[in-house]
Amino acid sequence: MDGRSASSFHSFQPRLATSRWPARMPLLAMLPLILVAALLSFAAGPVACAHPLDPFSPAELTAIRAAVLASPLVPARPLTFHYVGLDDPDKPALISYANNNNASAIIPRRALVIARAGGESHELLVSVSGFSSSASVISHAVHRGAGFPTLTLEEQFAAVALPPRHPPFVESVRARGVDMDDVLCAVFPVGWFGGDDPSVRQRRVVKLLCFVAGADTANFYARPIEGVTLVVDLDRMAIVGYRDRVEYPVPKAEGTDYRWAGHVGPPAPGAVGQQPEGRGFRIDGHLVRWADWEFHVGFDMRAGTVISLASIHDAALQGGTRRRRPVLYRGFVSEVFVPYMDPAEEWYYRTFLDAGEYGLGLWAFPLQPGADCPHGAAYLDGYYAGQDGMPVQNKNMICVFERRGAGDVAWRHTEAGFPNRLITEVWPDVSLVVRMVVSAGNYDYILDWEFKTSGSIKVTVSLTGLLEVKGTGYTHKDQIPPSEDAHGTLVAENTIAVYHDHFVTYHLDLDVDGTRNSFVKNTITTTKNNGTTTPRKSYWTVRREVAETETDAQIDLNAGAPADLLVVNPGKRTRMGNEAGYRVIPDGATAASVMADDDFPQRRASYCKKQVRVTPYNKSEKWAPGVYADQSTGDDGLGVWSGRDRSVRDEDIVLWYTVGVHHIPYQEDFPVMPTVSGGFELRPANFFDRNPLLLGASPPPATTSRRRGQQAAPVNCSCTGG
Ligand SMILES: [Cu+2]
């Protein structure tokens with residue numbers, strides 16, 4: 001992603017327009033939405049606490065807001081809410097709660113609030129009573145280090161409303177022959193490029209870049225007013241810097257629209273598979289049960305979807321008694337780092353931390369039934385705190401659906417060895433998908449958690465949306481001197497799509513059959529076959545290494561010999577004596593950052609040099625670039641934590657996995673980019689005693705097809721023929 005513009009409207013959902021850059025819809029037209037958002041309030045009635053990990057309800061958010069505003073600890077006004085999220089419950093208590101089938105234990109419910117007031121960032125811990133919808137502040141601290149909290153949507157909209165009233169900008173627009181009514185701007189974080197002067201670092205500023213985004217195209221980003229940069233002080237909400245450095249032709253609108261015939265239309269009939277009648281899954285509040293899986297789907301305004309307490313009910317080894325076996329205590333996207341590779345003045349700072357600077361949950365929009373998710377999908381709404389602390393609803397933010405009948409095979413075998421008999425056994429694949437789509441400005445990230453009957457969890461990121469493009473004088477590639485690095489691809493006249501990376505970092509607190517786990521690297525090692533009686537000269541075998549410390553567990557997936565990476569429980573073994581484990585298997589997109597170590601964006605996201613890291617569980621270590629990502633300096637975060645070299649053997653450990661893409665744009669990516677996917681699979685490895693599909697714990701997938709119009713055939717049939 002790149003810049004975020006904002007706007008987008010949700011007719012009934014007061015999510016202020018959005019995107020990082022506010023503005024796709026004329027600003028005046030957005031005002032009613034902002035007012036609706038401000039006015040939206042929810043009655044603070046009694047709330048039943050369904051699950052300790054449930055996101056805060058509107059009533060709870062309202063109570064949290066009231067408690068913060070009533071607290072004498074932060075008297076300064078105005079006070080703005082930048083983050084309100086669930087303070088993670090005590091892990092042993094929560095595990096006990098889950099193991100006792102959610103019995104009567106009371107898990108304290110607390111909110112972490114990050115607010116700005118008096119020019120400072122405040123952290124407040126707020127105790128929330130789900131029964132009475134009351135809340136009280138129990139601790140307060142002022143953040144003294146580098147960095148600022150997530151930008152609110154409201155302040156981004158306020159910022160992008162400033163340029164049309166700034167005379168030098170009006171003059172620049174006029175000089176380019178552009179109608180100001182067609183100009184919309186977007187907010188870009190400034191990053192950090194050295195300097196420790198506190199007076200500089202304390203300024204919470206963003207840059208604004210502007211685009212010709214009038215009625216001629218829905219492509220907000222395709223027509224940049226290249227060369228013009230504005231700087232806005234967010235705390236003063238005033239333009240404090242302006243530069244019109246260079247003028248390039250504004251790319252033409254023709255060919256930039258991505259809508260069918262220029263209008264958003266319904267998905268083509270038959271384009272999306274229908275689900276058969278009836279769902280094979282059950283959702284109680286935020287708890288999802290499907291096949292042998294059980295997990296909690298939560299929501300966070302920074303991370304988006306949060307998967308917790310994922311476990312498998314396993315009937316094996318227990319004489320048919322189902323046993324709940326934990327796999328993933330907590331999984332979520334910790335950060336999305338998107339650095340662009342153009343050092344020009346208007347581009348060098350475009351090094352986005354989408355989760356920390358913009359908030360993935362804030363930029364997730366309602367999913368489109370029948371297009372984003374198949375018919376029959378279930379939808380979960382999300383609520384987050386607006387800048388004023390009031391709850392804002394995001395309808396249809398997450399969908400859950402079964403993927404069946406897609407033509408994939410879970411396992412099969414044809415046995416042709418018997419005389420006069422051919423035995424074929426086929427089991428079609430079925431899985432359950434939890435999906436959120438984050439439209440972080442120009443880019444769209446489709447974020448899937450797919451649970452499989454094989455015991456796997458497949459995690460996929462699909463990139464689509466609009467490229468971030470740069471205005472140029474060139475209209476044909478032959479005009480670009482061979483000596484010049486264009487920093488991108490000429491995708492249209494006067495339009496260069498700039499090189500960039502996407503690094504999506506997952507926090508995966510795996511608890512494989514319990515909390516005490518180790519990280520194992522099984523490396524393929526070539527061995528010479530000397531001194532035996534056969535003519536074979538070599539073979540490969542496995543060298544098993546258990547990581548002792550965090551350093552041992554830092555893996556560059558593209559370096560060295562091939563290896564299997566596992567998280568195992570040394571205290572839990574199969575009947576055969578193998579340690580129960582889960583593998584992490586890359587599924588494409590294994591790029592790591594190649595920026596210089598001393599480059600400032602690299603220092604802020606130093607963890608992106610290794611795709612895999614392991615840390616001991618620490619409640620405070622959730623956000624890969626640190627809590628305060630905006631203008632962070634790299635003094636906090638995953639790179640720093642995992643450099644402490646703590647012990648990770650037979651400990652409660654967290655696996656961090658970064659899905660990485662070096663994105664060289666091609667013309668087919670313009671004006672809208674066909675989906676590109678990458679991810680990884682968490683796959684059982686000696687977790688079960690045999691193929692779990694055969695263990696009988698879950699029934700065979702329901703029949704989805706009929707043969708020759710006859711009765712439904714069992715899918716796991718044995719077909720015998722000559
Ligand atoms: Cu890209």
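I counted secondary structure to start: the chain has 9 helices and 31 strands. Helices here are DSSP runs of H or I with at least four residues, strands are runs of E with at least two, and both are numbered from the N terminus. The model is predicted, so I note that local features need pLDDT of at least 70, side-chain atom pairs count only at pLDDT 80 or more, and totals for chains, interfaces and linings use all residues. Residues are numbered from 1 along each chain as its sequence is written, and side-chain values use heavy atoms, with hydrogens and water left out.

**Whole chain**

I looked up burial next. Of the 722 residues, 55% count as buried. Buried means under 20% relative accessible area, exposed means over 50%, and partly exposed is in between (1.4 Å probe, protein chains only). Then I checked contacts, meaning heavy atoms within 4.5 Å. Among contacts with a separation of 6 or more, 69% are between residues 24 or more positions apart.

**Copper site**

Which protein atoms are donors of the copper ion? I found Y443 (OH), H500 (NE2), H502 (NE2) and H663 (ND1), lying 1.9 to 2.0 Å from the ion. Donors are N, O and S atoms within 2.8 Å of the metal (3.2 Å for Na, K and Ca); water is not among the atoms, so the site may look incomplete. Along the chain the donors follow the spacing Y-x56-H-x1-H-x160-H. Y443 sits in strand 18 (residues 443-452) and H663 in strand 29 (residues 651-663), so this pair ties together parts that are 220 residues apart in sequence.

The 4 donor atoms subtend angles of 92 to 135 degrees around the copper ion, which makes the arrangement tetrahedral. The cut-offs: four donors count as tetrahedral if all angles lie between 85 and 135 degrees; four count as square planar and six as octahedral if opposite donors are over 155 degrees apart and all others between 65 and 115; anything else is irregular.

**Annotated positions**

I turned to the UniProt record. Its unreviewed entry places the feature "active site" at D354 and Y443. Positions are given in the numbering used here, feature names are shortened, and annotations may be inferred rather than shown by experiment. The two positions span 90 residues in sequence, yet no two of their C-alpha atoms are more than 10.4 Å apart, so they gather at one spot. D354 is in helix 7 (residues 354-358). D354 is buried, with a relative accessible area of 0%.

**Cores**

I looked for nonpolar cores: sets of buried Ala, Val, Leu, Ile, Met, Phe, Trp, Tyr and Cys residues joined through side-chain atoms within 4.5 Å. The largest has 127 residues, and those with the most contacts inside it are W293, F295, Y445, W449, F451, Y506 and F519. Domain 2 (153-244) and domain 3 (325-694) both give residues to this core, so it lies between them. Domain bounds come from an automatic or database domain assignment. Apart from this core lies another, of 25 residues, including L53, L61, V84 and L309.

Not counting residues up to four places away in sequence, W293 touches V288, A310, S311, I312, V327, F451, K452, G455, S456, I457 and Y582.

G331 was my next stop, in strand 13 (residues 323-339). G331 is buried, at 0% relative accessible area. With residues up to four places away left out, its contacts are T305, V306, I307, W449, H507 and L508. G331 and W449 are 118 residues apart in sequence and 9.5 Å apart in space, C-alpha to C-alpha.

**Helix 4**

I checked helix 4 (residues 153-160) and found it mostly covered, with 6 of its 8 residues buried. The buried ones are L153, E155, Q156, F157, A159 and V160.

Most residues other than glycine have a negative phi, and most peptide bonds are trans. I listed exceptions. A cis peptide bond joins R77 and P78, with omega about 5 degrees. P78 is in the loop between helix 2 (58-70) and strand 1 (79-86). The bond from F670 to P671 is cis as well, with omega near 0 degrees.

Phi of D650, not a glycine, is positive, near 55 degrees. D650 is partly exposed, at 29% relative accessible area. N686, also not a glycine, has a positive phi of about 65 degrees. N686 counts as partly exposed, at 39%.
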